[in-house]
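Subject: Structure handover

Hello,

I am passing a structure on to you, with notes on what turned up in it. Please open it first and read the notes beside it.

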Amino acid sequence: MRLALLAALALACNAGDESGATMDGSTGEPAPETFWLPLACDATTRVGQGNDNPFSHHDELRYAFDLLLARGSPVHAMADGIVTHVKNDVRPGDPCRDGGDERCRDHANLVVLLHDDGTSTLYKHLDDALATVGNRLARGALLGRSGTTGWSTTPHLHVMRMDPCAAIECPSIALAFVDVPGDGVPVTGQDLKSMNCPE
């Protein structure tokens, strides 16, 4: 009887939670997200820079990925989330529009999504950010178009998963993709095909 009452209370509490978060029954914490490549269904890319790369993916950026994409390629949400940040002020004529050196570090168009597990994903160097702050987006939703804004040497999409912090860009944390063979962590030079094909 006591066990049935506890189960009913747990169901009632979860039914009252309108956050949309999926809960992990074993811990009571939000369930881990599953992440898909941030590309259109069946689109392909090559990894220009993977994790722990000495060029720029080290220290706080050690778990980031640079995906080589033609300028203007559609960029899609890796998982369901709420748009928390959009920067879209680097326009034609801006000295950081077509890539620049370290002086352009803070001058890239980007989108950040907050996921149900409390982590965020960053999509950076966009030509155009098409998302709106506050909107809840489903996996596969269009966020923007790839580019080379900010500190960038070639058109690409910089993506990473982040723990929460007070800044727009927070330290990266491990990110694996459902649609990448093996352990889900692509390496520099690897060719990838997106299966981010929500029904």
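A contact here means that heavy atoms lie within 4.5 Å. By that criterion, residues 24 or more positions apart make up 67% of the chain's contacts with a separation of 6 or more. Please keep in mind that this is a predicted model.

Overall make-up

The chain has 199 residues, and 41% of them count as buried. Its secondary structure consists of 1 helix and 11 strands.

Disulfides

How many disulfides does a search of the whole structure find? The search gives 3. With the bonded cysteines numbered in sequence order, they pair as 1-6, 2-3 and 4-5.

1. Cys 41 and Cys 197. Their sulfur atoms are 2.0 Å apart. The link is right-handed, with 90° about the S-S bond. This pair connects distant parts of the chain, 156 residues apart: Cys 41 sits in the loop between α1 (2–15) and β1 (44–49), while Cys 197 belongs to the segment after β11 (191–193). Cys 41 has a relative accessible area of 38%, which makes it partly exposed. Cys 197 is also partly exposed, at 28%.

2. Cys 96 and Cys 104. Here the sulfur atoms are 2.1 Å apart. The angle about the S-S bond is -80°, and the link is left-handed. Are these two cysteines buried or exposed? Both Cys 96 and Cys 104 are buried.

3. Cys 165 and Cys 170. The S to S distance is 2.0 Å, and the link is left-handed with -85° about the S-S bond. Cys 170 has a relative accessible area of 6%, so Cys 170 is buried. Cys 165, at 38%, is therefore partly exposed.

If you go through the model yourself, the cysteine pairs can be taken in the order above, beginning with the link between Cys 41 and Cys 197.

Regards

Note on methods: Residues are numbered from 1 along each chain as its sequence is written. This is a predicted model: local features need pLDDT of at least 70, side-chain atom pairs count only at pLDDT 80 or more; totals for chains, interfaces and linings use all residues. Side-chain values use heavy atoms; hydrogens and water are left out. Helices (H or I, at least four residues) and strands (E, at least two) are DSSP runs, numbered from the N terminus. Buried means under 20% relative accessible area, exposed over 50%, partly exposed in between (1.4 Å probe, protein chains only). A disulfide is a pair of cysteine sulfur atoms within 2.5 Å.
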